[in-house]
Each structure stands twice: as structure tokens, then as C-alpha cells.
Amino acid sequence: MYIEAIINDLSGMSLFHKSDLKYTRLAGGTTSSIYLLSNSNNDAKYIVKLNDPQVLESESFFLNFYYKVNLLPNLLFVEKSFSYLVYPFIQGNTNYDRDNKKNLLKSLVEQLINHYEPYPNAPGWGWADDLTDSWTNFLMSRTTEANKILDSHLLKKDHNLILSIVNNTNRMIIQGDPFLIHGDCGVHNFIFNKGELNGVIDPTPVFGDPLYDLIYAFCSSPDNLTKDTFYYAASHLKFLQNTDARYLFEEVLVGLYLRLATCIKFHPEDLNEYLVAWNYWKDLVEST
């Protein structure tokens, strides 16, 4: 669908005045097309996002469920077949400051993750648009996909370690209803304004454990991947079910394993930093 046709539709519904609008296509959408709409005075700005309808249906589901959370976009309009959605522009940019990871994660926990809610009668676990029957099976599916990329980059015993962690029947698992979580909660989807976290965009919703989003955010950049940084953020997480050190170290190691695969695929320049972190966290697991 062309942006001009979308603007016509929105004007016809009196959401905007066509004669007063200009648009710019923004970079950064991996699979989506994103446009910034603004009026002639630039005092009202809106985002129009186009993507596969299944993707936008899941995104709008998440944003509507958490419409009271200030960090998330406030949906103004969703096209009935989910071909596009509209929300106000969030002031800021995606320029992440590597020196501020502790405070960033604390803000993320307090302003987003601690507002997550269990989803009663959830239809399953994992991706909202590709469900499985358990949290373990979701993690195993992700681990299996990561293994295809990481096979030649890690030792066989490293892969076996991750499999043993995910498959461990004695491991603490989520009880009751899963939470509805963001699912792609990394620095690439954070909006910063004057150095402070001002927005979180582009959810790919998951039914699962809030800790998953914190670990995802922690691992989404290769800097400050230390026990001290992680513990500082986790200490503010109200949904933490198990504070056992080995359990937490193993959870981070699984998150790092998944992130290593993403790194190789999209950010190979970060690989060496991530491998240092991998060995650091593997040593923590094996020495605990």
C-alpha cells in the first residue's frame, strides 16, 4: 500500500488534514516500512508503520493490552486488515550510550517490565503468532535455530551445556499463566531523549517470563555484560521467581547463546566482544 493512499484514507476519516501533511520515509525497519508524517509547522508528528498483517496484528495486540504504559506507543489507528498502524512520534533517537547500561536497564525494568501482567487463559507459550505448548519448548526451538548459526563458532561442549540447561527438568520453570512480554526488547528498539529512555517500540509479543525481556535487553549490546550490571537491574525486577545464583547465571548464558547467533547474522563486528562475555558467563555457571 502506497503512503499517498494511506494519507488519503486517514484524511477521509478526519484523522489528519491532507493539505497540511508531509511525509518522510525513515530508515531502520528490518521488515517494515516506516514513515514520519508531520504538519507544516512540525508541531504534530506521527508514525505510519507498514508490515505483514500478522506482524502488525500481534504488535497492536501488545500495544492495546499495555495502553497505560507510558514508554510504549499509543496507538491512534489500526487499519482493519492490519496492513498499517499509526501512533504519535516519540521524541528522541536510537543512539545508545554505552556508559549508561545500568541506569538504562533499571529504567526499563521500572517503567516497562514491572508493568507486565499474566495473560489469563493464554493460548500457549512463545511467539504470539507462532505458539508452542511450553516455555521449555519455545526456548528449545530458539536454541535449535541458534545452533545452526553457531555450530562452527563454539565448542561442542558449549552447545551441549545450553541444551542441558534448557532441558533440565529440575530447573525452575514458570508456574501458572504466562506473562505477555515485548519479545524484542533490545537497545535497537529503544528511543532515547537527552540520554534517558523515552520509548520502547516494535514489539514481537511473546507469552512467557518477564526475566526473558530483561536478559534480552542486557544481551542486546556487547558492552558491560558483567554480573554486577545484571544483578543491579535484576534487583529491581518484581517478578523474579528464583534468585539462586546458578539459575540466574544459566538464564543469562542461554540469552547470550541466542544473542551470539543474532550477532553473527546481523552484527558480526561485535562477535569478539560477545565471545569474551560468553566465556565470562560460562565460567560463572561452571564454578557455581
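My entries on the model follow.

**Ground rules.** I am working with a predicted model, where local features need pLDDT of at least 70 and side-chain atom pairs count only at pLDDT 80 or more, while totals for chains, interfaces and linings use all residues. Residues are numbered from 1 along each chain as its sequence is written, and side-chain values use heavy atoms, with hydrogens and water left out.

**Cores.** I started with nonpolar cores, meaning sets of buried Ala, Val, Leu, Ile, Met, Phe, Trp, Tyr and Cys residues joined through side-chain atoms within 4.5 Å. Buried is under 20% relative accessible area, exposed is over 50% and partly exposed lies in between (1.4 Å probe, protein chains only). The largest core has 81 residues, and L108, L112, Y116, F190, L214, F230 and W281 have the most contacts inside it. Helix α8 (residues 245-266) gives the most to this core, 13 residues; helices here are DSSP runs (H or I, at least four residues), numbered from the N terminus. I also found a second, separate core of 13 residues, which includes I3, L10, V48 and V86.

I then asked what L112 touches, not counting residues up to four places away in sequence. The list is V69, L71, L72, S107, C185 and V200, with contact meaning heavy atoms within 4.5 Å.

**Helix pair α4 and α5.** Helix α4 (residues 135-150) packs with helix α5 (residues 156-167) at an angle of about 170°, with axes 10 Å apart. Axes are lines fitted to C-alpha atoms, for helices over the stretch in contact, and angles run from 0 to 180 degrees between N-to-C directions. I therefore noted α4 as roughly antiparallel to α5 (angles over 145 degrees count as such, and those under 35 as roughly parallel). On the α4 side the contact is made by T136, L139, M140, T143, N147 and L150, and on the α5 side by H159, I162, L163, V166 and N167.

**Helix pair α3 and α7.** The axes of α3 (residues 101-111) and α7 (residues 227-234) come within 8 Å and cross at roughly 25°. That makes α3 roughly parallel to α7.

**Two single residues.** Is S58 buried or exposed? S58 is buried, at 10% relative accessible area, and its place is in helix α2 (residues 53-65). Leaving aside neighbours within four places in sequence, I see S58 in contact with A128, D129 and P205.

E269 sits in the loop between α8 and α9 (271-286) and is exposed, at 59% relative accessible area. The C-alpha atoms of E269 and D129 are separated by 31 Å, with the two residues 140 apart along the chain.

Definitions and conventions: Helix = DSSP H or I, 4+ residues; strand = E, 2+ residues; numbered from the N terminus. Parallel < 35°, antiparallel > 145°, perpendicular 65-115°, else oblique.
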